[in-house]
Amino acid sequence: MKTTAMGVILELTETQQAYLDNLMARYCAAVRWSFKRLLEGKRNQDIRQGVQVKFNLNSRQANDAVYDAQSTIKSQHELVKLHYANALAKVEFTQKRITKAKSSKKKANLQKRLEKEQRKLADWQKHLEAKTFPTIVFGGKRLFLERCKGNITREEWQEARSNRYLSRGDKTKGGNLNTRLYEMNGQIYLDIAAEPTGTGRYKRITVPVYLAHKPSKKTRKINGRNYRQMVLDYLKTGSSYQVEIIRKDGRYYIHVTIEEDMPDPYHAHGAVGVDTNPDGLGIALTDCLGQYRGSQWLGQGEWTYAKSNRRNNLIGEKAKKVVALAKETGGALAVEDLKFKHDKSVTAKFNRMSHGFVWSKFLAYIDRCAAREGVPVIKVKPAFTSVIGILKYQHQYGLSNHQAAALVIARRGLGFDYERIPKRLVDRFIKAKEGFRKLNNWQQWSAVKKAILKQLKKKGVNSLVSWQVHRKELLGVG
């Protein structure tokens with residue numbers, strides 16, 4: 001698993017800064033030039049040779065520039081496929097909404113939306129068929145428009161287009177030939193290849209750097225992961241590593257990417273189910289037979305309004321806590337296999353709400369933390385987890401709706417995909433029982449859910465969340 005340690009260059013002389021700025025400008029220009037030549041169909045070897053001569057870069061720097069351009073082109077082609085699939089799904093979804101709409105006004109509004117989505121779909125289809133992609137702007141489209149309006153200066157625009165340098169590693173050359181990291185007298189230094197001497201070697205500039213580690217003021221122990229020590233231990237192996245230098249607001253930041261060894265996952269006994277919500281996590285523990293063994297609610301209301309850096313930190317802390325719980329109990333982590341696609345035609349209000357949602361970020365943190373601790377992660381289909389939890393387990397074990405959903409997720413992670421519907425629900429809400437028995441399990445739960453919601457709507461309730469309030473009355477018990 002690749003891990004990136006972040007740091008900053010502590011100090012630069014005027015000569016070093018001038019050279020580094022010039023190197024970044026030449027490298028970024030080489031990437032843009034390589035990008036254009038690749039689109040023209042030129043051979044990679046010819047482009048590399050042209051980069052060396054035109055931008056005064058050595059062979060490895062030229063290779064890195066061409067590789068950077070190739071990665072950009074590949075990512076753009078993948079984005080075209082993704083956007084086309086999402087646009088097609090949006091068109092199909094809106095067409096279904098039109099067929100179900102009863103109001104003529106609503107149909108007219110949906111028809112306008114459908115026409116707009118069909119135009120977008122046609123644009124993406126053209127790119128897909130021609131194997132092209134929309135024009136990209138190195139430096140950012142937003143800044144480009146600002147430059148066109150005269151809101152930023154030419155120097156600011158050039159700053160945005162020439163602010164990075166990438167150097168890939170080589171195990172046969174001691175890790176990274178062009179940008180080497182080493183420690184001396186407790187200080188880490190970055191050694192950058194500068195001008196060639198004519199003897200096959202290069203003049204080098206050496207600058208001190210700081211790599212992220214956070215010692216406590218009281219105990220002097222490191223809070224969180226000691227990325228500095230991770231990098232230093234990795235350098236001793238002689239393996240390759242990648243260094244990226246980024247200039248931002250007058251400072252020079254470095255990203256050091258290394259390959260982190262992961263332990264083999266242990267053999268799990270039971271499961272810990274996790275139900276992710278905007279304001280916290282529902283947790284449920286089960287044994288190897290899928291029997292309930294405990295639950296808790298890890299609330300985190302700050303997720304919904306905190307700034308991005310703060311929210312990322314909070315999500316990371318909760319992910320570590322959940323992984324530690326799974327490791328302590330010897331269980332596997334069961335989470336929902338959620339697909340993060342913009343494939344639904346939704347309202348602006350829903351987009352604003354979902355923009356800051358934590359699903360994707362939390363699951364990414366869970367994968368990384370669990371891999372580091374050797375905790376097995378099981379991803380399950382999310383369909384009907386909340387419905388089953390509310391209607392079957394919430395009252396039985398006295399859980400919240402999120403904890404009940406987490407129990408279903410944990411059981412599904414252990415292979416208990418079939419959840420038998422309580423006989424009382426079938427007897428009370430299902431009339432055509434013969435046809436009901438022929439449905440698959442999820443169709444049965446869908447039918448029960450619709451029947452119960454129909455009864456709840458008569459009481460002015462549009463959600464199953466209020467099921468416990470009206471449960472006895474609707475079931476005719478108590």
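Helix H4 (residues 104-130) has 27 residues, and at 1.5 Å a residue it should span 39 Å; its end C-alpha atoms lie 39 Å apart, so the two values agree. The expected span is 1.5 Å times one less than the number of residues in the helix. Helices (H or I, at least four residues) and strands (E, at least two) are DSSP runs, numbered from the N terminus. The model is predicted: local features need pLDDT of at least 70 and side-chain atom pairs count only at pLDDT 80 or more, while totals for chains, interfaces and linings use all residues. Residues are numbered from 1 along each chain as its sequence is written, and side-chain values use heavy atoms, with hydrogens and water left out.

Within H4, Leu110, Leu114, Glu117 and Leu121 are buried, where buried means under 20% relative accessible area, exposed over 50%, and partly exposed in between (1.4 Å probe, protein chains only). The buried residues of H4 pack against helix H3 (59-100). At the start of H4, the backbone nitrogen of Lys105 has a side-chain oxygen of Ser103 within 3.3 Å; a polar contact is a pair of N or O atoms within 3.5 Å, where within protein one must be able to donate a hydrogen and the other to accept it, and residues adjacent in sequence count only if both atoms are side-chain atoms. Lys131, which follows H4, has a positive phi, near 55°.

Positive phi also occurs in two loop residues. Asn185, in the loop between strand E3 (179-184) and strand E4 (187-196), has phi near 55°; Asn185 is exposed, with a relative accessible area of 79%. Asp249 is found in the loop between strand E6 (242-248) and strand E7 (251-259). Phi of Asp249 is near 55°, and at 73% relative accessibility Asp249 counts as exposed.

The protein has 16 helices and 12 strands, and 40% of its 478 residues count as buried. The C-alpha trace spans about 90 × 60 × 40 Å along its principal axes. The largest nonpolar core has 45 residues, with Ile9, Leu190 and Ile245 having the most contacts inside it. Helix H1 (residues 14-39) gives the most to this core, with 10 residues. A nonpolar core is a set of buried Ala, Val, Leu, Ile, Met, Phe, Trp, Tyr and Cys residues joined through side-chain atoms within 4.5 Å. Ile9 touches, among others, Leu20, Leu190, Val207 and Ile245, not counting residues up to four places away in sequence; contact means heavy atoms within 4.5 Å.

Rings of Phe, Tyr and Trp (its six-membered ring) pair if their centres lie within 6.5 Å, with planes under 30 degrees apart counted as stacked, over 60 as edge-to-face and the rest as tilted. The count comes to 10 aromatic pairs. The ring centres of Tyr27 and Tyr165 are 5.4 Å apart and the planes stand at 85°, so this pair is edge-to-face. Tyr27 is in helix H1 and Tyr165 in strand E2 (residues 164-167), 138 residues apart; Tyr27 and Tyr165 are buried. The rings of Tyr393 and Tyr397 have centres 6.2 Å apart and planes at 20°, so the pair is stacked. Tyr393 and Tyr397 are 4 residues apart in helix H11 (residues 385-397), separated by about one helical turn. Tyr393 is buried, at 5% relative accessible area, whereas Tyr397 is partly exposed, at 30%. Phe35, Phe133 and Phe138 form one aromatic cluster.
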